[in-house]
Amino acid sequence: MAKTFDVVVIGGGPGGYIAAIRAAQLGFNTACIDEWKNDKGGPALGGTCTNIGCIPSKALLQSSEHFEHAGHSFADHGIGLTNLSIDVKKMLGRKDTVVKQNNDGILYLFKKNKVTFFHGRGSFVAAVDGGYEIAVGEERLLGKQVIVATGSSPRALADTPFDEEKILSNDGALRIPAVPKKLGLIGAGVIGLEMGSVWRRLGAEVTVLEGLPTFLGAVDEQIAKEAHKAFVKQGLKIELGVKVGEIKNLKKGVTVAYTDAKGAEQLLEVDKLIVSIGRVPNTTGLNGEAVGLKLDERGAIVVDEDCRTNLKGVWAVGDVVRGPMLAHKAEEEGVAVAERIAGQHGHVNFNTVPWVIYTSPEIAWVGQNEQQLKAAGRAYKAGTFPFMANGRARALGDTTGMVKFLADAVSDEILGVHIVGPMASELIAEAVVAMEFKASAEDIARICHAHPSLSEATKEAALAVDKRTLNF
Ligand code: FAD
Ligand code: NAI
């Protein structure tokens, strides 16, 4: 006999677990199914984000940044250190503790919100009267409404499977047991730059091979150029426009044959290779065929603007559908779907989804960049302000980068904000709020910002749109 629920969520990552909590808050009898296992075989809620994505990567970025500061910038503050060392085992252990705190936090939230959790793989059995039958092991659930939030998996290169020993996905990249002497990365995207930064800071010689001729093509060109300059100065070797050829997984390391941008044949020899060339939607084991769930040519579940699939009462959110693969985008969709099921007007504004790359300097943006505005023929004004001219940045000793505003030439409405520099991940929130409220650059320029703070650079960049910065 199947257990009946108003809402069954398949997947307990940020899309799924947030959708389940919101559905329960709205009074629905809700179940969430997730198959992720911790190293003891128990549940590990939070999906890619918590287990092998956002959270552990940020833990390692923090540890490695402390190490780099201790080795390079403490001396400027008059702090002397001798015998600086890194205990990788301890650093990884700390990261695992942070992950576990988040896993347990979600289990607690499920109890608090009365979400029934099933540990195992959820798969469609059939469409039945009043909903869908779903199997979890021997158990059978009946979901009147179903939300699919099964996430994504790393894309491997053809004929180069991940062994997670020497050829690593983001999973293995987060648990390299000792600092490799030479580390190679394929793909200078978000994972490539974040993971490359972690291991470079700890002492690895890092080479990143990128297929495209441009660096961070989705980022505002001026911002990407500034970031590229900073990364190269730090010692990250980034080769653009390469064509990766044969990869050999040898006893002692890995070799990557490639053609460089000038057409010359090259061979990269490394101890470990991280392949970070994007991710693919995850529908393995879901048995969507049993109910006729429609996928697109990329394997993503086809949804409309409101996350409705082709099946009545079946919704899909997060990495398994179109749009940016970001945890906060997945969460927003999860909340909106739960609210739509309740007859409310859930809404996700894709134009104000912020992006952050947690390198040093950090890169963050929201809205449109200069290339996009030019391509659209939109008349705009730009204003920039460098952190070099910001008192707090000088006091921090972190003056790389700038804040850049793009505003409509006539109405002054903010069209995009782009930041490269310290705490860009936090500063971008003000820009998101401003854009949600359809603020003009002048609105931000007229708001009192605390002194000394990095946020003054945001205000000054807004002033720069009208060519009236006060401190530059
Ligand atoms: P997932 O988090 O992938 O969760 C899906 C869950 O469903 C998993 O637990 C999976 O086991 C489970 N599942 C799948 N199929 C089934 C099934 N049939 N039955 C039961 N369970 C199933 N995003 C950011 O916004 N900020 C960041 O800083 C950031 N850093 C990242 C760093 C790395 C290294 C990586 C890889 C990703 C990062 N991301 C980041 C992206 C972010 O992790 C994803 O966008 C986010 O996790 C997507 O959430 P989701 O709920 O759609 O899917
Ligand atoms: P990505 O899409 O960010 O970057 C992949 C890069 O690999 C691209 O620059 C692409 O041109 C390049 N590439 C693809 N095929 C190649 C080939 N054969 N040879 C050489 N280069 C090749 O993907 P990535 O870094 O794997 O991350 C996946 C997703 O995870 C991101 O797009 C993002 O959505 C999410 N993520 C988000 C983070 C954040 O928000 N801070 C952090 C890490 C991941």
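**Exercise 1. Contacts of ligand 2**

Identify the residue with a polar backbone atom 2.9 Å from an oxygen atom of ligand 2, and then describe the surroundings of this ligand.

*Solution.* 

Step 1. The residue is I191, whose polar backbone atom is 2.9 Å from an oxygen atom of ligand 2. The model is a predicted one, so local features need pLDDT of at least 70 and side-chain atom pairs count only at pLDDT 80 or more, while totals for chains, interfaces and linings use all residues. Residues are numbered from 1 along each chain as its sequence is written, chains are lettered from A and ligands numbered from 1 in the order in which they are written, and side-chain values use heavy atoms, with hydrogens and water left out.

Step 2. Two further backbone pairs can be listed. An oxygen atom of ligand 2 lies 3.2 Å from a backbone N or O atom of V190, and a nitrogen atom of the ligand lies 3.0 Å from a backbone N or O atom of G211.

Step 3. Of the accessible area of 840 Å² that ligand 2 has on its own, the protein covers 75% (Shrake-Rupley method, 1.4 Å probe; for residues, only the protein chains shown count as cover).

Step 4. Helix 6 (190–201) and strand 18 (355–357) are the elements that give two or more residues to the shell, and helix 6 gives the most, with 4 residues. Helices (H or I, at least four residues) and strands (E, at least two) are DSSP runs, numbered from the N terminus.

Step 5. The shell around ligand 2 holds 24 residues, of which I191, E210, G278, M325 and V356 come nearest (a residue is near if one of its heavy atoms lies within 4 Å). By class, they divide into 13 nonpolar, 6 polar and 5 charged; Ala, Val, Leu, Ile, Met, Phe, Trp, Tyr, Cys and Pro count as nonpolar, Asp, Glu, Lys and Arg as charged, and the others, Gly among them, as polar.

**Exercise 2. Nonpolar cores**

How many residues has the largest nonpolar core, and which of them have the most contacts inside it?

*Solution.* 

Step 1. The largest core has 37 residues, and L183, W199, F215, L216, F231, I238 and I363 have the most contacts inside it. A nonpolar core is a set of buried Ala, Val, Leu, Ile, Met, Phe, Trp, Tyr and Cys residues joined through side-chain atoms within 4.5 Å.

Step 2. Among the elements that give two or more residues to this core are helix 4 (88–113), strand 9 (182–186), helix 7 (221–234) and strand 19 (362–367).

Step 3. Beyond its neighbours within four places in sequence, I363 is in contact (heavy atoms within 4.5 Å) with residues including L216, F231, W355 and V420.

Step 4. Another core, of 30 residues, lies apart from the largest one; V356, F405, V417 and L427 are among its members.

**Exercise 3. Burial of G187 and helix 13**

Is G187 buried or exposed, and how many residues of helix 13 are buried?

*Solution.* 

Step 1. G187 lies in the loop between strand 9 and helix 6. This residue counts as buried because its relative accessibility is 8% (buried means under 20% relative accessible area, exposed over 50%, partly exposed in between; 1.4 Å probe, protein chains only).

Step 2. G187 and I277 are 90 residues apart along the chain, yet their C-alpha atoms are separated by 5.0 Å.

Step 3. In helix 13 (residues 455–465), 11 of its 11 residues are buried. They pack against strand 20 (380–386), strand 21 (402–408), helix 11 (424–436) and helix 12 (441–445).

Note on methods
Polar contact = N/O pair within 3.5 Å; in protein donor to acceptor, adjacent residues only side chain to side chain.
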